Amino acid sequence: MLAIDFGAQDVVVITGRLDAAQCPAAQSFLDKVQGTVTLDCGGLEYISSAGLGVLLKTQKRLLAAGGKLRLAGVNRHLQDIFQYSGFDQIFEIEPAR
Amino acid sequence: MSEERAFARTFDSLQEIFEFTAGYFARHGVDPRIQATVDFAVEELFTNMVKYGATAEPGSRVRIALEAVEGGVEVALTDIGVEPFDMTKAPDANVDLPVEQRRPGGLGLHLIRRLVDSWDYEYSPERRESRITFKKTLAGTPAPGNASSTGEA
């Protein structure tokens, strides 16, 4: 399952699994954020290509308005996926500590 | 020992599919470090079958079989009553485009090619059956950065 909501300091916290069935809920939430937004991925266990599409769509909208989406707390599995997708070139990515 | 289950042709089956893979990993001692990658490949192949299986017989299901092998697992997805579609031949996405030219989509098969050890496609015209198999082992995990990223999205 997936949960997405605001955490401390306006960071958006996403936890669980972002698969194709969960994407509408994630997209609906991210469609409402504005400016420069940090997405805390520390609890994001899994992402599929449908989830990558949600992140890309959000990044394109925010960049066009002068903001951006930053990805924080990214685990090794997600780092591999982001790198092979070229997302390391279009997102600021902060690995999990 | 292999196990096989059949799943309804809808994205809503994903939860049930992930429960099947997690259960199989636990029952057969498959290394949990490869589970996210196996789930990724299964989801991408399954959702492609859902999206492009419009000609499939109404009510038909996609069969997913798992078999533990040395250091990992082999997976087969079988779809009956469909036209041939060799996903292993799908072109790579161009991941070097600037963000304004990137479009959502086209990454699933591009990523599978880089994340699994091997994959193969067979089609039986008699049964109109598509069968795609892949193997994933921990030892075969590719190092990020070694894969090329050319081709069209």
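This is a predicted model: local features need pLDDT of at least 70, side-chain atom pairs count only at pLDDT 80 or more; totals for chains, interfaces and linings use all residues.
Strand β1 of chain B, residues 2–8, runs antiparallel to strand β2 of chain B, residues 61–69, and seven bridges join them. On to the next strand: β2(B) is also joined by seven bridges to strand β3 of chain B, residues 72–80, again antiparallel. Within β3(B), B:T78 is the bridge partner of B:R63. Two residues sit between the strands in the hairpin of β2(B) and β3(B), and there B:G71 takes a positive phi near 80 degrees.

Now for the rings. Over all chains, the structure holds six aromatic pairs. Take A:F82 and A:F87: their ring planes are at 10 degrees and their centres 6.1 Å apart, so this pair is stacked. A:F82 and A:F87 are both buried. Ring pairs also bring in A:F91, making a cluster of A:F82, A:F87 and A:F91.

Over in chain B, the pair of B:F7 and B:F20 is tilted, with 50 degrees between the planes and 5.9 Å centre to centre. B:F7 lies in strand β1 of chain B and B:F20 in helix α1 of chain B, residues 14–28, so the pair ties together parts 13 residues apart in sequence. Both B:F7 and B:F20 are buried.

Last, which rings does A:R17 lie over? One is A:Y46, with the charged end of A:R17 4.3 Å from the ring centre. Another is B:F18, where A:R17 lies over the face at 4.3 Å from the ring centre.

Note on methods:
Residues are numbered from 1 along each chain as its sequence is written. Chains are lettered from A and ligands numbered from 1 in the order in which they are written. Side-chain values use heavy atoms; hydrogens and water are left out. Two strands pair if DSSP finds at least two bridges between them. Helices (H or I, at least four residues) and strands (E, at least two) are DSSP runs, numbered from the N terminus. Rings of Phe, Tyr and Trp (its six-membered ring) pair if their centres lie within 6.5 Å; planes under 30 degrees apart count as stacked, over 60 as edge-to-face and the rest as tilted. Buried means under 20% relative accessible area, exposed over 50%, partly exposed in between (1.4 Å probe, protein chains only). A charge sits over a ring if NZ of Lys or CZ of Arg is within 6 Å of the ring centre and within 35 degrees of the ring normal.
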